[in-house]
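Please keep the sequence and the three-dimensional view open while working through the points.

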Amino acid sequence: MVINCPTFHILTVSNYYMKSLKYILIFLVPIFIGCQTESSNYKVLSKSKTVTKDDCKVSITYPQIQGDIHTVSLNRINEILEKLPEHEFYAHNCDSENPQLVSGKFEVLLKKDSVLCIEYRTDIEYKNEHRTIFHSLVLNPNGDASMDFGSIGIEPIDLIPNFDRGKLLPYIKKYNSDKKDNVNLLAYEKGSNYVITWGITEKDFIIYPGGEGEWFGYDKIEIPLNELK
């Protein structure tokens, strides 16, 4: 689209992660397919840090926004952007007898004045096992984040008129078949209110399956936007 106008203790993140929702404060305005292409009045900078605990180290790159945005909103958004993937949790959830190596990085998938999509990828090595966890945040950087509305960002319907979640279901069924997985199909039925983790680029709608009802996924499925119209 061109927007023109193992199963180890990682699973414990679901309960912990819900606590982080209090940080998600983005207040939004809709943006629709078909509007004129927008230039952005901000930059997305890459910052880095290392979190350590015992033999555990988390090397992280995380996004921060710099630009002509209301100071209070900018500070809150940057707090969200740093804390969203809960990298500190992964570092603190191990000890010297059970070390795990974690690295976190991000990618900007879409950047406009009214919409920013960031994909977070956390790679975890634990007892010779590897797991990748995805988080995604789609927000309006120029929205009012000065108050706590409990919002977690833009919804698909704000970007895709007449968005029908049921159109995602065939892709999830195919994913289950190809991967021999058991992703919750109910989350992708028309009218479902399950939380799903999603992202968007100029051409594709992205689903991160495996954490339905929570705020993360273990893989990614790219769906051409023209197939969701």
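The numbered points below go from the whole chain to single residues.

1. Basis of the note. This is a predicted model, in which local features need pLDDT of at least 70, side-chain atom pairs count only at pLDDT 80 or more, and totals for chains, interfaces and linings use all residues. Residues are numbered from 1 along each chain as its sequence is written, and side-chain values use heavy atoms, with hydrogens and water left out.

2. Overall composition. The chain contains 5 helices and 8 strands. Helices (H or I, at least four residues) and strands (E, at least two) are DSSP runs, numbered from the N terminus. Their order along the sequence is α-β-β-α-α-β-β-β-α-α-β-β-β.

3. Burial and surface. Among the 229 residues of the chain, 47% are buried. A residue is called buried under 20% relative accessible area, exposed over 50%, and partly exposed in between (1.4 Å probe, protein chains only). The chain exposes about 11200 Å², and 48% of this area is supplied by carbon and sulfur atoms. Such areas come from the Shrake-Rupley method with a 1.4 Å probe; for residues, only the protein chains shown count as cover.

4. Strand pairing. Strand E1 (residues 42-53) and strand E2 (residues 56-67) run antiparallel and are joined by 12 bridges. Two strands are said to pair if DSSP finds at least two bridges between them. E1 and E2 form a hairpin with 2 residues between them, and Asp-54 in the turn has a positive phi of about 50 degrees. Within this pair, Thr-50 stands opposite Ser-59 in E2. E2 is also joined to E3 by 4 bridges, and these two strands run parallel; here Lys-57 stands opposite Leu-101 in E3.

5. Nonpolar cores. Which residues have the most contacts inside the largest nonpolar core? They are Val-138, Leu-159, Leu-168, Tyr-188, Ile-200, Phe-205 and Ile-207, in a core of 28 residues. Two or more residues each are given to this core by strand E3 (100-111), strand E5 (129-139), H5, E6, E7 and E8. E7 supplies the largest share, 4 residues. A second, separate core has 14 residues, including Ile-80, Leu-81, Phe-106 and Leu-139. A nonpolar core is a set of buried Ala, Val, Leu, Ile, Met, Phe, Trp, Tyr and Cys residues joined through side-chain atoms within 4.5 Å.

6. In H5 (residues 169-179), the residues Leu-169, Ile-172, Tyr-175 and Asn-176 are buried. They lie on the same side of H5, because they cover an arc of only 120 degrees around the axis. The arc is that of the directions from the helix axis to the C-beta atoms. Pro-170, Lys-174 and Ser-177 are exposed on the face turned away from the buried side. The cover over the buried residues of H5 includes E7 and strand E8 (221-224).

7. Most residues other than glycine have a negative phi. Lys-180 lies in the loop between H5 and E6 and is exposed, at 75% relative accessibility. Asn-162 is not a glycine either, yet has a positive phi of about 60 degrees. Asn-162 belongs to the loop between H4 and H5 and is exposed, with a relative accessible area of 69%.

8. A buried proline. Is Pro-141 buried or exposed? Pro-141 is buried, because its relative accessibility is 0%. This residue is placed in the loop between E5 and helix H4 (156-159). Not counting residues up to four places away in sequence, Pro-141 touches Tyr-42, Ile-65, Ile-69, Ile-77, Asp-113, Ser-114, Val-115 and Leu-116; contact means heavy atoms within 4.5 Å. Pro-141 and Ile-69 are 72 residues apart along the chain, and their C-alpha atoms are separated by 7.7 Å.

9. A buried threonine. Thr-201 is in the loop between strand E6 (197-200) and strand E7 (204-208). Thr-201 counts as buried because its relative accessibility is 16%. Its side chain reaches the backbone nitrogen of Lys-203 at 3.2 Å and the backbone nitrogen of Asp-204 at 2.9 Å.

Notes:
Polar contact = N/O pair within 3.5 Å; in protein donor to acceptor, adjacent residues only side chain to side chain.
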